[in-house]
Amino acid sequence: MSVFLQLKHLRKSVNAGERLFDIDEFSIRENTCIVLSGGNGAGKTTLLKILAGLDKPDHADILYDGEHLPWKLAQQKLFHDVVYLHQQPYMFDKTVAENIAYGLHRSGLNRAQVDEKVDQALHWAQLSKLATRNARRLSGGEKQRVALTRARVLSPRLLLLDEPLASMDINAREQTIDLIKRLKSEGVSSIVTSHEPHISTLIGDEHRHLCKTGPCRYTVVKPFLFQRDMEQRSRLSKQHKTYASGEPSAGLHLEDCAEHRNKSPVNRSNTTMNEDTTIPKQQITAVILAGGLARRMSGQDKGLIEINGRPMLEHIIAALIPQVGGILINANRNLDQYRRYAYPVIEDMMGEFFGPLVGMASGMQATNTDYLLTVPCDSPFIPPVLAERLFRELEDKQADISVAHDSTRMQPVFALLRKGLLPSLMTYLEDGGRKIDTWYAEHRLAKTDFSDWPDAFININTPDDKQSVEQKMIRQKDVHIT
Amino acid sequence: MAQLLDTSRQALVLLFSGDPALWSIVSISFSVSLRAVLIATPVAFLLAFLLAHLRFPGRRVLISTFNTLLALPAVVVGLTIYMLLSRNGPFGDLKLLFTQTGMVIGQIVLCFPLLVAFSHATLQAADQRAWETAVTLGAKPWQAMLTLMCEVRYGLIAAVTAAFGRIIAEVGSSMMIGGNILNYTRNITTAIALETSKGEFAQGIALGIILLLSALLLNFALTFMQARDDDAL
């Protein structure tokens, strides 16, 4: 998939010279759907309007099909090849059919050809019944479909959809998402803006984020979740299928890990857990937060530190497998080593090393399940009842977040979160918030007592910790064996 | 009171008896004013569009000027054009004084600021998305402009109606430039002025009724057109 449109050094100021964004490079490839997220006022719409030729950038080096073009020429190309759809699509004060024919009449076709194309398009979008209605009188979802169809008949190379799913009911959303997918299958590239980053899991091949705050001020941030190669994608989709069918996800496990699972002492203690619990295991995805810097461990990647001959991550995975439907690993370094575990490895979606909240958000964005269980990568003694207990407390208290508590203090990274929190979390992060406690405080919090699991929150911060943990683990193993 | 009723009765008799002198006056009025509106409208719309969509130095001054010219008295226009067209004036050689063409020019000057000001307000308030949607769907700028005007057609039609109403009812400029020549430049308003000064109130009232009725018909037609558009779709 080759890049057909590339903008470099794209700068745009709004009134009074305030810089709206300054983007080093923005490339659009053939047959690719880019999801563009960002808060209010981050410049999503302005960026789309520039790409449509409707708004003039202060500066941009434009490469179109590998050709450097000055703005005036580029604008002509963009008018011809790109169609922009407003957040609330504008309907001409005409019938649906006439709206769809609008662009065709101006493309040099004769009346009969236009009529034929319009008929086909109406059929394609299942709008035939509405053909003679005034487009202004349609519902929001129907207008969106007319607008998509009106754009499609022109066979554009790039479609720019500004918040196409905002304020729509579930039916309308599904129909619109379906149309977007079909457009993609017809080879049309698209950029979809959204406040809801998780729609990138539905339609996006790539995900870009326009930030307002933090080090990425007003620029498109690069390390993105869905900028992954095709191979990785198919692996993820396979994984999701596995979750859905209810098969044990260990099917995709590397052999040595599966073997390890059987031997795992923590796993064995699983037998003490009530088997017919009602917790919706398949609806819980665990994310192991291994994206930190580990300064006190002289920068050594904590998840990969060996404890009794096995990387810490393996101990944690082994403890989580019986508890959850799926596992994600959030890491920013040594990705190849993390990928060995055949679980999706997700990078922080904004900046790098911004702290656990960004890892949580990235995890939430990557899953389709209702709940997200977060655990750190440096606490090897994960209680086998972690997910269950957090879930029960969450439901009992009807809370948004259930967080572990060890009788003296809260352990914020051991938590179960509802997926619906993602927009709130994104807003908090975009506004520059990084503190986990502050964000938790904005929500209904259930504190779940784990004082009967004193080892659960032991973590490894220094080389000394590591030794004591190793000894403790050996002692535990002995206890289990005897 | 009795006199008023009597003259009104006479006026109605005049109207329905098909008095040729009366209908000649009416046709001159309409022909002159329609020509003036037809010539002024396209130019005024284009100018209004440019004022609404382009940003150029002097734009605000121009808008204020047209708004001010709304209050231009018809006699002042008449006087100015009289001076310009009179034998000694700069355009005296065109021999347009006391002609219908001269009246048309005067009425264009009168209705142009009104057309610009009203249609500018309409186009300014038009949905920005209409223009953007047209352009992104491949319309050339002039096509997009026509689309935009079509979208706000009721506002523009209202501007034309108001402009026509102003010039068909004005008397000052027609009187001075046209000269009130029977069967040539005598229109409804100048005729009313003349008949009144002669004490012939019946014809004056008859003409007044025609003026009002025509305005009524025009507005009914517009309202029905709009209503039909609203219902049909």
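Predicted model: local features only at pLDDT ≥ 70, side-chain atom pairs only at ≥ 80, totals over all residues.
How many residues does the contact take from chain B and from chain A?

**View 1. The contact between chain B and chain A.** The contact takes 13 residues from chain B and 19 residues from chain A. On the chain B side, helix H6 (128–136) and helix H7 (141–151) each supply at least two residues. H6(B) gives the most to the side of chain B that touches chain A, with six residues. By type, the residues on this side of chain B divide into five nonpolar, four polar and four charged.

**View 2. The largest nonpolar core.** This core holds 117 residues. Its members that touch the most other members come from both chains: Ile100(A) and Leu160(A), together with Cys111(B), Leu115(B) and Ala163(B). Helix H5 of chain B, which covers residues 100–125, gives the most to the core, with 14 residues. Another core, of 61 residues, lies apart from it, and among its members are Ile329(A), Met349(A), Met364(A) and Ala366(A).

**View 3. The surroundings of Ile100(A).** Not counting residues up to four places away in sequence, Ile100(A) touches Val118(A), Ala121(A), Leu122(A), Val146(A), Thr149(A), Arg150(A) and Val153(A). Ile100(A) is also one of the residues that touch the most other members of the largest nonpolar core.

**View 4. The four-stranded open sheet of chain A.** The strands follow the order E2-E1-E4-E5, and their pairing is antiparallel. Strand E2 (18–29) and strand E5 (67–69) of chain A stand at the edges; each has a single partner strand, so one side of each is left without a neighbour in the sheet. Direction ignored, neighbouring strands of this sheet are turned by 15° against each other on average. Strands of a sheet pair through backbone hydrogen bonds, either parallel or antiparallel.

**View 5. Strand E4(A) and its two partners.** Strand E1 of chain A (residues 3–14) is joined to E4(A) by five bridges, and the two run antiparallel. In this pair, Leu5(A) stands opposite Tyr64(A) of E4(A). Three bridges join strand E4 (residues 59–64) of chain A to E5(A), again in an antiparallel arrangement. Here Tyr64(A) stands opposite Glu67(A) in E5(A), while Ile62(A) stands opposite Leu69(A). E4(A) and E5(A) form a hairpin with two residues between them. In its turn, Asp65(A) has a positive phi of about 50°.

**View 6. The seven-stranded open sheet of chain A.** The order of the strands is E15-E14-E11-E16-E18-E17-E19, with mixed pairing. Strand E15 (345–346) and strand E19 (445–449) of chain A stand at the edges, each with a single partner strand, so one side of each is left without a neighbour in the sheet. Within this sheet, strand E11 (residues 284–290) and strand E14 (residues 326–331) of chain A run parallel and are joined by six bridges. The bridge partner of Ala290(A) in E14(A) is Ala331(A).

**View 7. Chain A as a whole.** The secondary structure of chain A comes to 17 helices and 19 strands. Of the 482 residues in chain A, 42% are buried. Among contacts in this chain between residues at least 6 apart in sequence, 73% join residues at least 24 apart.

Conventions. Residues numbered from 1 in each chain as written. Chains lettered and ligands numbered in written order. Core = buried A, V, L, I, M, F, W, Y, C linked by C-beta atoms within 7 Å. Buried ≥ 20, exposed ≤ 12 C-beta atoms within 10 Å, placed from the backbone. Contact = placed C-beta atoms within 7 Å. Pairing = 2+ DSSP bridges. Axes fitted to C-alpha atoms, helices over the stretch in contact; angles between N-to-C directions. Nonpolar A, V, L, I, M, F, W, Y, C, P; charged D, E, K, R; others polar.
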